[in-house]
Amino acid sequence: MTGEDFWLLLQYILPFFIILLPAYGMARTKILTQDHALGLNRWTSLVGVPIYVGHMVATNDPYQTNLRLVGADALQKIVVLLIALVWWRFSKRATIDGVITFFMLSTLSNMVLVGPALFRPLHGTASDVSIATIILLQCVLWYNLCIAMFEIRNVMNEMGGKDNETLKNESANTEEPHPSALPGLPLWSSTESSVLPTNKDARSLKRSISAPTRVSFSTSRIVPLFNFDQVEEDSSSKDGTINKPKDIQITFDIPGGVVTKTIENTQIIQIETPETAAQRQPTRAELSRFTYVKIVAFKVVNRVKYAPLLYTSSIGFIYSLFAFKYNWTMPYTIITPIEMIAKGAIAISVVTMALTWSQSGKLVSCGYKRMFYGWFIRFIVGPVIMVITSLAFGLKGISFEFSVLQAALPVGLVSFVLAKEYKLDVEVFSTAVITQLVIFLPIVVVYFFILQVVE
């Protein structure tokens, strides 16, 4: 790389900072507020970036795709995921949150924003097809894989997929009364004569009702499930403490008015309706593996179907298959507004990054230790694994340079968007997006010189 090449590279990269720094200043001086950020983020995620990606994919020849590059990129993701899963399996400190964070930081580069600005000065327009290939893989496969992992994380948390130590701590901090005794007991409406029995009433009812019995109410809110065997037992809990009887106020809606009755010295019993039983989140132990997979798959599909990046990149790819085979040309009245939106999307994305940066109030919101951890994963772990997988697929020359350098780009903005949506290490990803964008250029130049010497 000559001095002229380096200056050309700076000319492509500097516009990002010319937009980023004034936008940050306007956000700090309240010229741009978080209300503006909400609108800009929505436009960028739903309109700007999807159209930009679709346009880039549609205007590059898919028949020139380097399948070895595709294989090396896929193998890198698989190797990283396997490393993270092995760490999760054998390390007591590992969590699924750490697995997702490690995968996203080490594999998902910011190809959409800085890819063209970096590779066009280095490799010219010959790299456009490779850029479009990496972006297509990210939009169709890797972002959706991350969404799947996020949904698995949510399902595990909802179904009690926490470690035993966490569960012990939570149970130690939980008071003894049954959940039905918590504040906010529901008011019951019924057209039938129904009373929550005391201990004495329960014994008399047991003679004519075989326990357990469901008593139907006209409302769909509750149906008491009486466990008379438990009622007859001493009110002492297993640990020797006494569960004191409570007074319960019950409201009945009847024709002509409302009747309120207070039942004193009432034993709290378990209450459940068929509807609430169906809505109650089952534990993982109650589910078969097939059912568990079905729940995760449903949540993933339900989330992915609203991802505009998937649709625009897929449509752009399908269009390119026909356009480059039959020499189609998009009409001027259609391609011009698409290009205008695509160019604006990059600038507005940089502005939203500045607003996110200013919101934290400081550059390093996650702490220096976690920031350096993100740098190490992004600029060391990812490229080293990509070197190994690229050699495994026999990449050489410009293709090998491209595969390694794209792995050393800063982490992608979409990673931060997903992390913020699923509330996972938001400060880590916001810090990584900004700081890595600032420092990546000298790191990439060092990698470029090393690759030149090696070859």
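User: What do the buried residues of helix H3 pack against?

Analyst: In this predicted model, they pack against helix H4 (96–107), helix H6 (128–158), helix H14 (368–392) and helix H15 (397–407). The buried residues of H3 are Leu69, Gly71, Ala72, Asp73, Gln76, Lys77, Val80, Leu81 and Ala84.

User: How do you know that the length of helix H3 agrees with its number of residues?

Analyst: H3 runs over residues 67–90, which makes 24 residues, and at 1.5 Å a residue they should span 34 Å. The expected span is 1.5 Å times one less than the number of residues. The end C-alpha atoms are 35 Å apart, so the two values agree.

User: What makes Asn66 a cap for H3?

Analyst: A side-chain oxygen of Asn66 lies 3.0 Å from the backbone nitrogen of Arg68, at the N-terminal end of the helix.

User: Why is the pair Lys77 and Asp73 called a salt bridge?

Analyst: The cut-off is a side-chain nitrogen of Lys or Arg within 4 Å of a carboxyl oxygen of Asp or Glu. For Lys77 and Asp73 the N to O distance is 2.6 Å, so the pair qualifies. A search of the whole structure finds four salt bridges.

User: How far apart along helix H3 are Lys77 and Asp73?

Analyst: They are four residues apart, so about one helical turn separates them.

User: What makes Arg153 and Asp97 a salt bridge?

Analyst: Their closest N and O atoms are 2.6 Å apart, and the limit is 4 Å. The pair links distant parts of the chain, with Arg153 in helix H6 and Asp97 in helix H4, 56 residues apart.

User: Which other residues does Arg153 touch?

Analyst: Leaving aside neighbours within four places in sequence, Arg153 is in contact with Ile96, Asp97, Ile100, Tyr422, Lys423 and Leu424. The Arg153 side chain also reaches the backbone oxygen of Lys423 at 3.5 Å. As for Thr95, 58 residues away along the chain, its C-alpha atom is 9.7 Å from that of Arg153.

User: Why is the pair Tyr319 and Trp328 called tilted?

Analyst: Ring centres must lie within 6.5 Å to pair, with planes under 30 degrees apart stacked, over 60 edge-to-face and the rest tilted. Here the centres are 6.3 Å apart and the planes meet at 50°, so the pair is tilted. Tyr319 and Trp328 belong to one aromatic cluster with Phe322 and Tyr326. A search of the whole structure finds nine aromatic pairs.

User: What makes Arg89 sit over the face of Phe90?

Analyst: Arg89 is 5.3 Å from the ring centre. The distance cut-off is 6 Å, and the charge must also be within 35 degrees of the ring normal.

User: Why is Thr107 called buried, and what is Thr107 in contact with?

Analyst: Thr107, in helix H4, has 2% relative accessibility, so Thr107 counts as buried. Leaving aside neighbours within four places in sequence, Thr107 is in contact with Gln76, Lys77, Val80 and Arg378. The Thr107 side chain reaches the backbone oxygen of Phe103 at 2.5 Å.

Note on methods:
Residues numbered from 1 in each chain as written. Predicted model: local features only at pLDDT ≥ 70, side-chain atom pairs only at ≥ 80, totals over all residues. Heavy atoms only, no water. Helix = DSSP H or I, 4+ residues; strand = E, 2+ residues; numbered from the N terminus. Buried < 20%, exposed > 50% of the residue type's maximum accessible area, 1.4 Å probe, protein only. Contact = heavy atoms within 4.5 Å. Polar contact = N/O pair within 3.5 Å; in protein donor to acceptor, adjacent residues only side chain to side chain. Phe/Tyr/Trp six-rings, centres within 6.5 Å; stacked < 30°, edge-to-face > 60°.
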